[in-house]
Amino acid sequence: MNTPALRTIRSSAEWVDYFHGNANQQKDIPWDEPVNLSAEERAVIIPSLRGWQLGETSDGAHLLAASHTYAAALGDSTFIEAARLFIAEEQRHGGNLGRFLDGAGVSRATSDWGDTLFRAVRYFVPRMEIWATPVVMVETHALIYYNAVRRATRSAVLRGICEQILSDEVAHIRFQCERLAMLHRGRSGWLHSLTMLFHRGFFAVITLAVWVGHRHALKAGGCRFSRFWALAWSKMQNAWALMNPKAYSWNDPAPGHAPQARETPAAA
Ligand SMILES: [Fe+2]
Ligand SMILES: [Fe+2]
C-alpha cells in the first residue's frame, strides 16, 4: 500500500518569488467595458460587495507587527517581505473592487459590522496564529463568495475581478496553512485536538456570520444555505488537511524554519 507523499513547506524566499511572479501575471480585467449592472444586481450584490471591498483594504499594520515578532522568533527576516507582498495582494483586491464601485457610482463603505468583528478578532492579540486562523477561514468563504458573485453578475469587469481574486486566494490559503502547520507542529496530541476543536467552533460562528451578512449575494449566485454550509465545511476540511503538521516532511526544513519557533495556541 502506498503512503501519501508528504508536502514540503515553501521557504519565505519561495513565497517572495511566488508573490512577485503572481503580481506580474495578473488576468486582464476589461476596465474599458461599461459597468453593466442590472437594478437587481445593484440591490442584491452591491451592498455585500461594499463590505468585502472594505475587508480587502486593510493597511496590514497589524499583520506586519505580528510578522516582525514571528520572524524574529523564527530567525527568518525574509518572512516579513513575504507578509508585505501578501498584504499588497489583498490591497490589490480591495483596489480593484473599489475601482469597480467607483465606476458603478457607488460609494465605498467606511464601516461594516462583519469587517469590524473580523478585525477585532485579529487585532486583539498581534500573534501570527491569532492572525492566520481567522484569515484562512474567511479566505475559505471568499472562494465560495466570489464564485457566487461571478455567477450572479453579467458585468464582465466584476467577473474578471472575481476570477483574479479566486485564483489568488488558493495560494493565500496555502500560505496561511503552512504557517499554521509550523505553529501547530510539536503541539501535544491533546493540545492539538483542543486547537482543532476551537477551530471547528470558531469556523461555525464565522460561517453563520458570513451567511447572515451576504446571503442575498450568495443566493443570487445559486448558493442557498445548505449548499453554502456544505461547501464551506468541505473547503475548510481541505484547509485543515493542509495545516496538519503530519502532512509535511520536516526532516529537511528550509533555512530559518526552526521547529522550536512556536507560539501558544489560540485555544489556550
Ligand atoms: Fe483577498
Ligand atoms: Fe486572501
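## A pair in helix 8

R174 is partly exposed, with a relative accessible area of 23%. This is a value from a predicted model. R174 forms a salt bridge with E178, and their closest N and O atoms are 2.9 Å apart. E178, at 1% relative accessibility, counts as buried. So here a buried residue pairs with a partly exposed one, since buried means under 20% relative accessible area. Both residues lie in helix 8, 4 residues apart, which is about one turn of the helix.

## Other salt bridges

The count of salt bridges comes to 6. One of them joins the side chains of R92 and E89, at 3.3 Å from N to O. These two sit 3 residues apart in helix 5, so about one helical turn separates them. R92 is partly exposed at 24% relative accessibility. E89 is buried, with a relative accessible area of 2%.

Another salt bridge links R108 and D102, at 2.6 Å from N to O. R108 has 37% relative accessibility and counts as partly exposed. D102 is also partly exposed, at 42%.

## The iron site

Which residues hold the iron ion (ligand 1)? Its protein donors are E56 (OE), E90 (OE), H93 (ND1) and E169 (OE). Along the chain, the donors follow the spacing E-x33-E-x2-H-x75-E. The 4 donor atoms make angles of 81 to 153°, and the site is irregular.

The iron ion (ligand 2) is 3.4 Å from the iron ion (ligand 1), and E90 coordinates both. E56 lies in the loop between helix 3 (46–55) and helix 4 (61–74), while H93 lies in helix 5 (residues 78–103), so this pair ties together parts that are 37 residues apart in sequence. E56 and H93 are both buried.

## The nonpolar core

In soluble globular proteins, nonpolar side chains tend to be buried together. Here the largest nonpolar core has 75 residues. L49, F100, V136 and Y146 touch the most other members. Several helices give two or more residues to this core, among them helix 1 (12–23), helix 8 (156–184), helix 9 (189–220) and helix 10 (225–242). Helix 7 supplies the largest share, 15 residues.

What does L49 touch, leaving out residues up to four places away in sequence? Its contacts are L97, F100, L101, Y145 and L158.

Methods: Residues are numbered from 1 along each chain as its sequence is written. Chains are lettered from A and ligands numbered from 1 in the order in which they are written. This is a predicted model: local features need pLDDT of at least 70, side-chain atom pairs count only at pLDDT 80 or more; totals for chains, interfaces and linings use all residues. Side-chain values use heavy atoms; hydrogens and water are left out. Donors are N, O and S atoms within 2.8 Å of the metal (3.2 Å for Na, K and Ca); water is not among the atoms, so sites may look incomplete. Four donors count as tetrahedral if all angles lie between 85 and 135 degrees; four count as square planar and six as octahedral if opposite donors are over 155 degrees apart and all others between 65 and 115; anything else is irregular. Buried means under 20% relative accessible area, exposed over 50%, partly exposed in between (1.4 Å probe, protein chains only). A nonpolar core is a set of buried Ala, Val, Leu, Ile, Met, Phe, Trp, Tyr and Cys residues joined through side-chain atoms within 4.5 Å. Contact means heavy atoms within 4.5 Å. A salt bridge is a side-chain nitrogen of Lys or Arg within 4 Å of a carboxyl oxygen of Asp or Glu.
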